[in-house]
Amino acid sequence: MDRLTRRLAFGLMTAGLLFIAPAAQAASQGVTLANPVGQVRAGDLVSVDVRLTNLDQAINAVDLTIQYPTDRLEIVNISRAQSALTLWPEAPGTDPATGTVHLVGGLPNGLYAQDARIVTLTIFALVSG
């Protein structure tokens, strides 16, 4: 299946979500970052899970942008291993110039998320904190 066909199939699958405001609201409120425990020092590599939590409605698509301070940290890897999402019309990416991570993915049959991993970010700490 070529890239355009995959995008079209994903777009058709998720088109219904655009008209369901409660689902979009639930998704925006149910995203958490699993922070590391303890002090992080400059030069440390830290893994942080981006998770969907406590959604009271099933979702089947995620379009998420995360902002981060580029003067304090650098995203060195975005891993989809063990992700609850199985469809990725575009690979997760980061834009260091704007300090954003963008994630677009989905799951054909939907998901009631209690604690579902989307991705794991590997972060390089530029400063201690």
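This is a predicted model: local features need pLDDT of at least 70, side-chain atom pairs count only at pLDDT 80 or more; totals for chains, interfaces and linings use all residues.
Student: How many helices and strands does the protein chain have, and which pattern do they follow along the sequence?

Tutor: The protein chain has two helices and seven strands, and along the sequence they follow the pattern α-α-β-β-β-β-β-β-β.

Student: Which order do the strands take in the sheet that holds E5?

Tutor: Strands of a sheet pair through backbone hydrogen bonds, either parallel or antiparallel. Here an open sheet of three strands has the order E3-E6-E5, with antiparallel pairing. E3 and strand E5 (93–95) are at the edges, each with a single partner strand, so one side of each is left without a neighbour in the sheet. Neighbouring strands of this sheet are turned by 20 degrees against each other on average, direction ignored; such angles run from 0 to 180 degrees between N-to-C directions, with axes fitted as lines to C-alpha atoms.

Student: Which residues stand opposite each other in this sheet?

Tutor: E3 and E6 pair over eight bridges in the antiparallel sense; threonine 65 has histidine 102 in E6 as its bridge partner, and alanine 61 stands opposite glycine 106 in E6. On the other pairing, aspartate 95 is opposite threonine 100 in E6. E5 and E6 form a hairpin with four residues between them, and glycine 99 in the turn has a positive phi of about 70 degrees.

Student: What is the strand order in the four-stranded sheet?

Tutor: Four strands form an open sheet in the order E1-E2-E7-E4, with antiparallel pairing. Its edge strands are strand E1 (31–34) and strand E4 (73–79), each of which pairs on one side only, and neighbouring strands are turned by 30 degrees against each other on average, direction ignored. Six bridges join E4 to strand E7 (residues 115–125), where leucine 73 stands opposite alanine 125 in E7.

Student: Is leucine 107 buried or exposed, and which residues does leucine 107 touch?

Tutor: Buried means under 20% relative accessible area, exposed over 50%, and partly exposed in between (1.4 Å probe, protein chains only). Leucine 107, which lies in strand E6, counts as buried at 15% relative accessibility. Contact means heavy atoms within 4.5 Å; not counting residues up to four places away in sequence, leucine 107 touches Asn60, Ala84 and Thr86.

Student: Which residues have the most contacts inside the largest nonpolar core?

Tutor: A nonpolar core is a set of buried Ala, Val, Leu, Ile, Met, Phe, Trp, Tyr and Cys residues joined through side-chain atoms within 4.5 Å. The largest one has 26 residues, and those with the most contacts inside it are Val50, Leu52, Val101, Leu103, Ile118, Val119 and Leu121. E7 gives the most to this core, with six residues.

Note on methods. Residues are numbered from 1 along each chain as its sequence is written. Side-chain values use heavy atoms; hydrogens and water are left out. Two strands pair if DSSP finds at least two bridges between them.
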